[in-house]
Amino acid sequence: MNNKKLLFVFNPLAGKAQIKKHLMNIIDTFVKYGYEVTVFPTQGRLDAYNIIKEKASNYDLVVCSGGDGTLNESIKGMMTLDNKPLLGYIPAGTTNDFAYSLGIPKDMEKAAENIMTGIPFSCDIGSFNNEHFAYVAAFGAFTDVTYETPQQTKKVLGHAAYVIEGIKRLSSIRPYHIRIEYSDNVIEGDYILGLVTNSISIGGYRKLNDLGIILDDGLFEVTLVKPPKNAFDLQGIITSVLNQKFDSPYIDIFKASEVTITCDELLTWTLDGEDGGGHTVSHIINNKQAVNILIKK
């Protein structure tokens, strides 16, 4: 008799529904390592959150598979639990930023094997007002691209779909006047984009290594972009980011464990690429080493 219990929650539609080709081999891997496996394919929004919130305490290990949205729901479910089981992640989405940051392979069967043989990594998790996020809270230019890009377009075009949707929004870039409070500091000004992150990959952009990002240090990397005055200044911002210099006068970067961002109007946020709603006051806290995620030994 197996005495270890595993809850496997997966999104059958994530990415290009690729898990259908690997599902039996993934489950076989879990069983070979002595787990009694309960399988739950999600049927809609918040399914992963609800099943983990309600059932996960009865299991030794929870494994989720899907894109960043499925991971976000799984993390939110885990954060409701007093006694959190270990968490494994098999990426199956279009960009999979968080998986890249943790060194989790794209190959789904390899990712399953790594969960079985891996070691726990105590990862920081963000709180956003009454919500949680795994790796990014963002407002402003292009942040609606991930959740407004049609699913069918993602399936056909992959990451290029996000680029196309972003280009469509170039004409709608607008600044927001905000106040940022952190670590006894206050910044106030106009910004077109804000990112509060715990990741070396955002929206598929994987050149953030030089920021000294550590995923378990209790600190966020906060990036704020001021509105450019003209096309030349916009090009300078883009060049600064692409070259990993981040030395543009239009970019403010700092680290903080807690940030409060206030805006006179509703500021629309995304959390891990999912719609985070509109807020005038956004209180963001880093929960240091809050969830143990299994990664390659």
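Visitor: What are the ground rules here?
Guide: The model is predicted: local features need pLDDT of at least 70, side-chain atom pairs count only at pLDDT 80 or more, and totals for chains, interfaces and linings use all residues. Residues are numbered from 1 along each chain as its sequence is written, and side-chain values use heavy atoms, with hydrogens and water left out.

Visitor: How many residues are in the largest nonpolar core?
Guide: The largest nonpolar core has 55 residues, and Phe 8, Phe 30 and Ile 90 have the most contacts inside it. Such a core is a set of buried Ala, Val, Leu, Ile, Met, Phe, Trp, Tyr and Cys residues joined through side-chain atoms within 4.5 Å. Buried means under 20% relative accessible area, exposed over 50%, partly exposed in between (1.4 Å probe, protein chains only).

Visitor: And which residues does the second, separate core include?
Guide: Among its 23 residues are Phe 133, Tyr 176, Phe 254 and Trp 269.

Visitor: Switching to rings. How many aromatic pairs?
Guide: Eight. Rings of Phe, Tyr and Trp (its six-membered ring) pair if their centres lie within 6.5 Å; planes under 30 degrees apart count as stacked, over 60 as edge-to-face and the rest as tilted. Tyr 182 and Phe 254 are stacked, at 3.7 Å centre to centre with 10° between the planes.

Visitor: Is Tyr 182 buried or exposed?
Guide: Buried, at 14% relative accessibility. Phe 254 is also buried, at 10%.

Visitor: Which residues form the aromatic cluster?
Guide: Phe 128, Phe 139, Tyr 176 and Trp 269 form one.
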